[in-house]
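Student: Please show me how to read a structure feature by feature, with the general idea first and the particular case after it.

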Amino acid sequence: MNAPLLQIDHVNKHFGGVAALTDVSLSIQPGEIYGLIGPNGAGKTTFFNVMTGLYTPDSGRFQLDGRDYQPTSVHQVAEAGIARTFQNIRLFNAMSALENVMVGRHVRTRNGLWAALSRHRRAQEEEAQTRAHAHRLLAYVGLAGFANYRADSLSYGHQRRLEIARALATEPRLLALDEPAAGMNASEKVQLRGLLEKIRDDGHTLLLIEHDVKLVMGVCDRISVLDYGQVIAVGPPAEVRQHPAVIQAYLGASAHV
Amino acid sequence: MIKSLSPNKRASLGLLLFAVALVLAPWIVGHAGGNTWVRTLDFALLYIMLALGLNIVVGYAGLLDMGFIAFYAVGAYLAALLSSPHLLQQFPALAALLPAGMHTSIWLILPLGALLAAGCGVVLGAPTLRLRGDYLAIVTLGFGEIIRILLRNLDRPVNITNGPKGIAQVDPVSLLGVNLGRTQELFGLRLPSVYLYYYLFTALVVLILFACIRLERSRIGRAWVAIREDEEAAQAMGVNTVRLKLLAFAIGAAFGGVSGALFASFQGFVSPESFTLNESIAVLAMVVLGGMGHIPGVILGCVLLAALPEALRASMGPLQQALFGQVLVDPEIIRQLFYGLALILAMLYRPAGLWPKGVAR
Amino acid sequence: MDGFIQQLLNGLMTGSLYALVALGYTMVYGILRIINFAHGDVLMIGALVGLSVIRLVQAAWPALPPVLVLLCATLVAMAVCAVLAVVIERVAYRRLRHAPRLAPLISGIGVSLLLQTIAMLVWTRNPQMFPQLLSLAPIEVLAGASAHPAITNVTALTTIAIALSVMVALLVLVERTRFGRAMRAVAENPQVASLMGISPNRIIVITFAIGGALAALAGIMMASNYGSAHFYMGFLPGIKAFTAAVLGGIGNLKGAMLGGLLLGLIEALGTGYLGAATNGVFGSNYQDVFAFIVLIAVLVFRPSGLLGERLATRA
């Protein structure tokens with residue numbers, strides 16, 4: 001195996017007296033789509049929030065691309081190279097689709113106060129590059145004709161795609177998607193799957209937290225299953241599907257594994 | 001004919017017409033209503049500077065600052081202290097050092113005022129910007145009141161602000177040896193002081209406008225709006241929200257400081273009562289009524305709320321005098337009525353203001 | 001300690017008034033999560049309405065005992081302000097229940113200006129003399145114990161007694177009755193409460209009415225103690241009562257009471273001792289700064305207040 005892109009070891013997180021995550025570890029290889037699944041309340045979202053800096057873990061080691069990172073503040077995690085989307089879409093509603101993606105470029109650009117006021121040559125170049133980059137990404141996710149639409153005027157499926165484009169604009173080493181299929185109909189899910197595979201095939205690494213087991217089993221290269229804050233199974237979909245602990249965990253949840 | 005022009009040319013033509021109107025405005029207004037009206041115009045320009053500053057904080061970054069007038073006060077008192085005899089009267093040692101008196105140039109006062117106000121903005125913002133929006137509003141209100149109370153009371157133990165009496169004899173602005181406090185002759189035109197200040201204020205408004213527009217359409221401006229729209233999502237995109245909010249506070253405060261310094265020189269006098277909560281609310285009302293985050297809207301709000309009460313003041317008094325033989329309702333009360341109604345009605349029926357930002361499709 | 005008892009009494013008096021007003025902020029915040037910025041001005045209207053009633057009653061029945069006149073004025077003012085608070089909710093807040101958080105705050109500021117304007121129109125801009133219906137004759141406290149005994153009067157003592165008993169009554173209402181349970185249910189989760197057959201709107205209206213009545217009561221007691229009433233008298237008590245609510249933990253009734261009393265004491269003792277220590281340089285003219293500093297310090301260091309739940313991170 002290659003060196004992992006994301007290596008997270010022994011994460012613990014308590015809320016009051018309740019253990020939300022117990023000794024959770026995760027290792028994601030470059031270029032794969034990794035799935036994190038589990039029944040409701042298994043700790044998926046907590047893990048996601050810990051890894052992206054929203055919650056501070058009690059303990060744990062976090063490495064991205066062989067380098068330690070401390071998930072202490074959300075914007076630093078983004079700078080380190082993990083971009084996320086949100087379960088309930090969170091776009092900048094009053095901004096156009098293009099501007100949303102341009103905000104994604106913020107962390108990879110440098111223009112400051114003086115650049116904004118003086119618009120010197122380098123500042124203009126950076127601004128032009130930001131704009132061009134954003135246009136490319138909109139086209140990449142299939143929103144080429146929507147650059148000047150207000151974000152909240154887009155359809156649900158398009159908003160999901162815009163969120164992904166915005167996250168890609170930060171040039172992430174890891175693209176982390178929080179339930180991207182939530183609220184989608186069957187045909188939108190098929191399109192989403194196509195987009196995720198395209199993103200992977202273009203060299204990106206993805207982490208998927210998903211309720212929709214069918215989508216995860218179909219699109220993911222490897223999967224971790226969380227239950228009661230612990231990892232109960234790891235492996236390719238075909239193996240995980242057969243795992244007795246996983247079947248046990250999902251029996252009550254009546255999911256089709 | 002206008003329709004046949006290209007959009008670019010049309011925009012340039014519009015700008016040209018606007019510039020001509022700006023240059024002629026005091027003459028038209030002055031011809032119709034005399035110098036008092038030009039003075040009102042001058043105050044409207046000061047309000048525009050203030051509102052453009054507040055617009056950066058409230059309109060772009062979405063932070064409700066209810067003590068904004070404090071930055072205006074900081075600029076005004078700085079100008080008053082640096083260009084009036086007050087400090088020299090209090091500190092004879094200083095007077096010995098400056099036998100010609102304290103007459104600091106406006107070129108020094110304006111940047112100092114901007115810097116000091118920005119510094120105050122950072123000092124206030126650093127501990128409070130993590131607070132949720134409505135708590136931040138109340139904390140900034142408290143800050144504004146503290147500044148005013150300090151100005152009222154810092155005449156003891158050492159007389160710095162001269163207390164409730166305020167500081168008088170503030171030098172008028174002097175530009176390149178031309179005293180704006182006196183009527184000047186130019187190419188045979190008589191330019192009273194209020195006209196001279198009008199052009200100075202207009203120049204600064206244009207400068208601030210220019211800065212605002214460039215900021216709005218920049219990486220920084222986009223990050224501000226992103227924070228306003230969804231702070232957590234902005235963070236997840238790598239925006240350092242604390243630093244950008246501080247920047248918004250500082251820049252907004254700087255504009256406030258500049259206009260405060262101009263206000264002191266223009267009036268020749270400052271006292272704590274010019275910087276009450278009601279003034280903060282007045283500026284807020286202008287921004288909210290016109291359209292938070294939209295520069296033309298903000299200017300419209302200022303013109304409406306700064307000029308309308310003056311128009312009322314001018315018309316209602318004599319009107320009541322004529323109708324009832326006495327002034328029943330103080331025009332000042334009517335002014336406040338307008339501000340109150342503007343805030344409520346704007347929130348209920350036009351939350352984006354009278355002239356909101358054009359909606360991208 | 002000569003001045004201590006005196007400052008304690010002063011602090012208790014203003015503190016119990018802050019607590020009454022703070023209850024209005026905290027109840028509304030608990031249910032709607034909004035800061036009712038106009039609450040202080042309801043207090044002001046209460047005091048001025050009370051004043052007008054006193055003038056009317058005294059003109060109509062000059063022989064009526066002063067205590068009855070005051071009682072009558074207080075009841076009318078409380079009724080008027082209960083209605084006023086309900087109208088404010090209906091007009092300025094109801095449409096904005098799901099708007100961004102700043103919207104109701106801004107419209108509340110508008111209402112505050114409007115109420116002040118109305119007060120200026122009806123009662124002029126000048127302070128009005130508020131008749132002293134209860135005795136202001138000095139009462140010496142612990143007269144034998146010290147060379148400079150603390151001084152109070154019937155008005156101040158009545159204020160403290162009424163404020164404390166009203167607070168206890170409110171606590172019983174909220175914690176022991178069906179209405180109180182319904183109120184807490186709506187504060188917890190309006191949707192679930194309405195599924196259980198509780199009408200959130202009804203509860204909200206009653207909450208505003210109670211808050212308005214309490215503010216009017218505080219307004220009249222304040223005017224009685226200081227002997228005057230004017231259109232701007234609501235601002236400082238309003239902001240201080242809000243500080244008290246935050247200090248105690250906004251949304252928490254006992255917190256509001258504790259916060260009010262504590263703030264009153266901090267102000268009185270703080271200005272008293274700092275004034276004495278600095279020879280009057282930093283004396284009562286800085287009294288209001290204390291409240292603002294407490295407010296800023298609490299919000300920055302412990303936004304959940306002394307008894308509050310952690311509200312700071314709630315979106």
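Tutor: Let us start with one residue and its neighbours: leaving aside residues up to four places away in sequence, C:Ile109 touches B:Ile281, B:Leu343 and C:Phe37, where two residues are in contact if their C-beta atoms, placed from the backbone, lie within 7 Å. This is a predicted model, so local features need pLDDT of at least 70 and side-chain atom pairs count only at pLDDT 80 or more, whereas totals for chains, interfaces and linings use all residues. Residues are numbered from 1 along each chain as its sequence is written, while chains are lettered from A and ligands numbered from 1 in the order in which they are written.

Student: Where is the place of C:Ile109, and is C:Ile109 buried or exposed?

Tutor: C:Ile109 belongs to helix α4 (residues 102-123) of chain C; helices (H or I, at least four residues) and strands (E, at least two) are DSSP runs, numbered from the N terminus. Burial is a count of neighbours: a residue is buried if 20 or more other C-beta atoms, placed from the backbone, lie within 10 Å of its own, exposed if 12 or fewer, and partly exposed in between. With 29 other C-beta atoms within 10 Å, C:Ile109 is buried.

Student: How many of the eight residues of helix α1 (residues 44-51) of chain A are buried?

Tutor: Six of the eight are buried, so helix α1 of chain A is largely enclosed by the rest of the structure. The buried residues in α1(A) are A:Lys44, A:Thr46, A:Phe47, A:Phe48, A:Val50 and A:Met51. Just after α1(A), A:Gly53 takes a positive phi of about 95°.

Student: How should I read two packed helices, and at what angle do the axes of α5(C) and α8(C) cross?

Tutor: Two packed helices are described by the angle between their axes and the distance between the axes. Here the axes of helix α5 (residues 154-176) and helix α8 (residues 200-226) of chain C come within 10 Å and cross at roughly 170°; axes are lines fitted to C-alpha atoms, for helices over the stretch in contact, and angles run from 0 to 180 degrees between N-to-C directions. Therefore α5(C) and α8(C) are roughly antiparallel to each other, the term used for angles over 145 degrees. The crossing of α5(C) past α8(C) is left-handed, that is, the near helix is turned anticlockwise from the far one by less than a right angle. Along it, C:Thr155, C:Ala156, C:Thr159, C:Ile162 and C:Val166 in α5(C) meet C:Leu214, C:Leu217, C:Met221, C:Ser224 and C:Asn225 in α8(C). By class, this contact has six nonpolar, four polar and no charged residues, where Ala, Val, Leu, Ile, Met, Phe, Trp, Tyr, Cys and Pro count as nonpolar, Asp, Glu, Lys and Arg as charged, and the others, Gly among them, as polar.

Student: Which chains have the most contacts among the two pairs that touch?

Tutor: Chains B and C have the most, with 33 residues of chain B in contact with 34 residues of chain C. On the side of chain B, the elements that give two or more residues are α6 (106-128), α7 (133-153), α12 (277-290) and α14 (331-349); α7(B) gives the most, with eleven residues. That side of chain B divides into 22 nonpolar, six polar and five charged residues. Between chains A and B, the contact takes 31 residues from chain A and 25 residues from chain B, and the side of chain A has 13 nonpolar, eleven polar and seven charged residues. No contact joins chain A and chain C, whose closest C-alpha atoms lie 12 Å apart.

Student: Into which domains is chain B divided?

Tutor: Domain bounds come from an automatic or database domain assignment, which here gives domain 1 (39-275) and domain 2 (276-361) of chain B. Their C-alpha centres lie 22 Å apart, and the contact takes 27 residues from domain 1 and 19 residues from domain 2 of chain B. α2 (35-60), α7 and α8 (193-216) of chain B each supply at least two residues of the side of domain 1 that touches domain 2, and α2(B) gives the most, with 13 residues.

How values were computed: Angles under 35 degrees count as roughly parallel, over 145 as roughly antiparallel, 65 to 115 as roughly perpendicular and the rest as oblique.
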